[in-house]
Amino acid sequence: MTFDLVTFGETMLRLSPPPGERLETATSLNFRTAGAESNVAIAASRLDTTVAWISKLPDSPLGRRVTNEVQQHGVEPLIAWDEDARQGTYYIEQGTTPRPTTIVYDRADAAITTTHLGELDREAIREASVFYTSGITPGLSETLAETTSELLTFARNTGTTTAFDLNYRSKLWSPTDARDTYESLFSEVDILVAAERDVTNVLARNGDASEMASGLVTDFGFETVIITRGEDGALVVHDGEVYEQPAFETDTVDAIGTGDAFVGAYLSRYIAGDSVGKALAFAAATAALKRTIKGDLAIVTPEEVKQVLQNEGDRIAR
């Protein structure tokens, strides 16, 4: 089977107490899966794109818990299994003003951190339209930084479009270390996605979003640069043109995973051949829907996204 989109990265188990309870006193935890690359894969799959997700997991009930949920949403897991490894987890305590949401990671020495190129199914990448990974993955270990670079190079050399989301995580590494690694990968990236704050704080770029995106295209030769700006929407520079898309209004239930939903939707429409403007609007609508859903996953349908676009048609950037 061939896939339109192939993603690579870690998926963790997400454990969270009920709203209003603290981790240190909770007597029950909600059990979900979460990971940037599998989140993107699931969002794209829900939007009628054929998707595979490549990773490494422990050969255990916890590892199978991850693949079961990924498969439930139509994504094909291509897994390197390790009997002796552990499953990464994270704990999230949802806050409300003035108490912030708190995340505690327990991912050290997870199976994914030892992944080498030879363990992975690269043929799926060779035949895909797009290969995607994020800046979280090379930050997990030196081994993964090398493997990420090799996969991007392999994809590029086989004619597969490469997409990379900075997804900077301060609990993994410093801005300087992250920037050095990111920039070493940029020569193999066609589509770059980045939050505006990360372009400023990690890539050390100044100016407005359009200036920063155009500068990145000039300096690194990206085909497309997408800058997400939260409530201010998103901006794309592609083929010398600037496209802007406002955010859609939404009542937020759970913001985590919004960026992944955006990327998954954008790539699904890019693969389908939509124009940049249409893909951008579709991505923004999907991100708005994700914020209404608990958990990291964008459990949406194409019809729901189209309905958001129809109801807000006057806000679509053309």
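Author: Happy to! Helix α7 runs over residues 209–220, and at 1.5 Å a residue its 12 residues should span 16 Å; the end C-alpha atoms are 16 Å apart, which agrees. Please keep in mind that this is a predicted model.

Let us begin at the ends of the helix. The N-terminal end of α7 is capped by Asp208, which has a side-chain oxygen 3.2 Å from the backbone nitrogen of Ser210. After α7 comes Gly221, with a positive phi near 75°.

Now for the side of the helix that is hidden. Ala209, Met212, Ala213, Gly215 and Leu216 are the buried residues here. They cover an arc of only 160° around the axis, which means that they sit on the same side of α7.

β10, β11 and β12 belong to an open sheet of 9 strands with mixed pairing, in the order β5-β4-β1-β8-β9-β10-β11-β12-β13. At its edges stand β5 (76–82) and β13 (241–245); each has a single partner strand, so one side of each is left without a neighbour in the sheet. On average, neighbouring strands of this sheet are turned by 15° against each other, direction ignored.

Strand β11 has 4 of its 5 residues buried, so it is largely enclosed by the rest of the structure. It pairs with β10 in the parallel sense over 5 bridges, and with β12 in the antiparallel sense, again through 5 bridges. You can trace this through Ile226 of β11, the bridge partner of Val193, which also stands opposite Val236 in β12. Between β11 and β12 the hairpin has 5 residues, and Gly230 takes a positive phi near 60° there.

Helix α4 lies across β1 (5–8), β8 (130–134) and β9, running at about 160° to β8. Helix α5 (residues 175–185) has Ala178, Thr181, Tyr182 and Leu185 as its buried residues. These cover an arc of only 100° around the axis, and therefore lie on the same side of α5. Their cover includes α4 (142–157) and β9 (161–165).

How values were computed: Residues are numbered from 1 along each chain as its sequence is written. This is a predicted model: local features need pLDDT of at least 70, side-chain atom pairs count only at pLDDT 80 or more; totals for chains, interfaces and linings use all residues. Side-chain values use heavy atoms; hydrogens and water are left out. Helices (H or I, at least four residues) and strands (E, at least two) are DSSP runs, numbered from the N terminus. The expected span of a helix is 1.5 Å times one less than its number of residues. Buried means under 20% relative accessible area, exposed over 50%, partly exposed in between (1.4 Å probe, protein chains only). The arc is that of the directions from the helix axis to the C-beta atoms. A polar contact is a pair of N or O atoms within 3.5 Å; within protein, one must be able to donate a hydrogen and the other to accept it, and residues adjacent in sequence count only if both atoms are side-chain atoms. Contact means heavy atoms within 4.5 Å. Two strands pair if DSSP finds at least two bridges between them. Axes are lines fitted to C-alpha atoms, for helices over the stretch in contact, and angles run from 0 to 180 degrees between N-to-C directions.
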